[in-house]
Amino acid sequence: MNSETERLLLAQGSVVAARQLSAQGISSKEQRQLIVSGDLLALRKSIYTTGNLWHLADARTRHRVAVAGALLIRRRVEADRLPLSLVGGHESAEFVWGLSDRAIPPDNIHLVCSERRRRTDRSGVVLRPAALPAAHVTRVESVPFTSLGRTAVDLMRRRSARDAVLLADRTLRAGVSRTELRQIAAFCSSWRGGTQAVEAAEFASPLAESPAESLARWTCHRLGLPTPEPQVQILDARGFVGRVDLLFGDFRTILEVDGRLKYGRPTEGMDDVLWHEKLREDRLRDAGYEVVRTTWRELLMEPDRLHQRILAAFARSNRLAS
């Protein structure tokens, strides 16, 4: 391929249209020969990428390139400027940004367009209409996508209240500021699900280190319990005891999620790890704290049982204090 084709591929997110190749003097016959040789790979009708890139790329990169192809077939090639009226978004942006743990890309390509009035779903491409301020759009390897914060808010509007909080926490951990997330949620507040996104953004904390901790905070809130403080360092007369998942400070009660053994050493056997964890928990109790352990299953399937266990721990703590 010539230098002009390589420039187009770089500018367009590793995709090029057949009409663009023809404009460079590469005939249809030559294009077919490039496909047969493996230099080009057809993504969609008359939309190509380089075979070498596609076969060496990971799933995230492949989906980004697939989004670039879907964008190219639907719009004129735009100058390298913002805002753009058509971008990758929703589940496609979620996968490319790494906001989910899924290993395979979504079944469809998801786009957002500021110039459309109705949602469409054709040929594996879901297109949703929505306003796209310049601050809500960015590029990933030359491909326009909704920003990390806007992507999260769009998904927070459409998913359950629980999943919205988990996603909000994860977005803050990924580097989006609390202020930015709240501002984007406020911009989208009048849209369907906008109120839920605003509430999730207000509740979110970057300190939750796992989805299970986020779920525990949200579960406590939903049950009417005080909202615990995440990742608190506990000290006793001997010094540092440990950093606990969640702390109800007024009730000197610690909530540990999934029974994770965070203080074991890689060279230790499981018996040693369990022993060190037991000593840590003994020190927490000796320092006057109640310790409640929970699991992902209990949080999802038996929240009322957890509620009673936490209330019982509060009662024990009050008795000790008095």
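## A tour from strand to surface

Select Ala42 and you will see it standing opposite Tyr48 in β3. Strands here are DSSP runs of E with at least two residues, helices are runs of H or I with at least four residues, and both are numbered from the N terminus.

Before moving on, note that this is a predicted model, where local features need pLDDT of at least 70, side-chain atom pairs count only at pLDDT 80 or more, and totals for chains, interfaces and linings use all residues. Residues are numbered from 1 along each chain as its sequence is written, and side-chain values use heavy atoms, with hydrogens and water left out.

**Stop 1: the sheet.** Select residues 47-50, which form β3. Four bridges join β3 to β2, and the two strands run antiparallel. Strands pair if DSSP finds at least two bridges between them. Now show the whole open sheet: three strands, in the order β1-β3-β2, with antiparallel pairing. Its edge strands are β1 (16-17) and β2 (40-44), each pairing on one side only.

Touching means contact, with heavy atoms within 4.5 Å.

**Stop 2: two loops.** Most residues other than glycine have a negative phi. Go to Ser46, in the loop between β2 and β3. Ser46 is not a glycine, yet its phi is positive, about 70 degrees. Buried means under 20%, exposed over 50%, and partly exposed in between (1.4 Å probe, protein chains only).

Next, pick Ser123, in the loop between β6 (120-122) and β7 (125-129). Its phi is also positive, near 50 degrees. Ser123 counts as exposed because its relative accessibility is 65%.

**Stop 3: a buried histidine.** Select His90, in helix α6 (residues 90-97). It is buried, with a relative accessible area of 3%. Which residues does His90 touch? Leaving out residues up to four places away in sequence, its contacts include His110, Val112, Arg128, Asp154 and Leu155.

**Stop 4: helix α13.** Finish at Leu300, in helix α13 (residues 296-301). Leu300 is partly exposed, with a relative accessible area of 34%.
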